[in-house]
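Here is a report on pockets and the residues that line them. Please look at the model first.

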Amino acid sequence: MNDCYYYYIIFPCLLIVMAILIPFFLKAEIPNPCRKSLILKQTCSTVFLINALVAGLIGDFTIYAALMFIGLCCSWLGDYLLHVRQDPGFFASGLIAFLVGHIFFTGAYYQAFRVLFPEQIMFSTERLILFFAIVAAELLLIKFVAKVSFGKIFVLCALYAATITEMAIKAFTLAISLMKYPSLVEYPIFTGIMLMLGAVLFLFSDFTLSLLNFKDGVKKHGALRNANIWTYFYAQMFLGVTVFFIST
């Protein structure tokens, strides 16, 4: 069997491992985060690191793979900072770690787009307008519809919202282009879906996290927390799998 085909076995196995670990983590953090829940959470985070690393080593560890892996490492650090101590300083530090991670993800998508589609323009006035419109809509939705108040870290949260939005837009731009020109990567439809699904799940996960942390009266350990964690970890898995298929 060609070594590359081993990843088609490894990836589903890692998805199953993640599905086994997440319920143990969710149970361990009740009623409050503790050493056991921290270990389990970081174990889940290590699984998405392993996924991307194996994808890169079996496939082709290119600049795209390196940027994605660094972004995932930032997420690993963010997971630790958000969980190890429950105070505003650690939360802000975790948010910054994730923000930096999204910058690396965005850089990876730009790298892939630049190499695969050199004649196309990834930045334009229309896309810039779209970007600001989406960010404004997100902030209005969070503040006036969801009634979330970020308090003293509003500026940091707004900057984070802008960064993850840019990441998602670039993920969708790359995904649509890959599916439109299918000869450039192996399994372009699957790769495009993974990019878009990963970005959407990440956005949803962060939205639920904002409700859990900044909205009064929200149950901390219920359906919303489950949705937050499941969508987050699988977003990382789906983004990581693209390392195997995109070699730029």
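By class, 16 nonpolar, seven polar and eight charged residues line the largest pocket. Nonpolar means Ala, Val, Leu, Ile, Met, Phe, Trp, Tyr, Cys and Pro; charged means Asp, Glu, Lys and Arg; the others, Gly among them, are polar. This is a predicted model, in which local features need pLDDT of at least 70, side-chain atom pairs count only at pLDDT 80 or more, and totals for chains, interfaces and linings use all residues. Residues are numbered from 1 along each chain as its sequence is written, and side-chain values use heavy atoms, without hydrogens and water.

The largest pocket has a volume of about 640 Å³. Its lining holds 31 residues, and L82, Q86, F91, L209 and N213 are the closest to the centre. A pocket is an open set of points on a 1 Å grid over the protein atoms alone, where a 1.4 Å probe fits, with protein on both sides within 12 Å along at least five of seven lines; lining residues have an atom within 4 Å of a point. Points are joined across faces, edges and corners, and the volume is the space filled by probe spheres set on them.

At least two lining residues each come from α3 (63-84), α4 (88-116), α7 (188-214) and α8 (223-245). Helices are DSSP runs (H or I, at least four residues), numbered from the N terminus.

The second largest pocket has about 360 Å³ of space. I142, Y160, D206, F207 and S210 are the closest to its centre, out of 19 lining residues.

| Pocket | Top contributor to lining |
|---|---|
| Largest pocket | α7, seven residues |
| Second largest pocket | α7, six residues |
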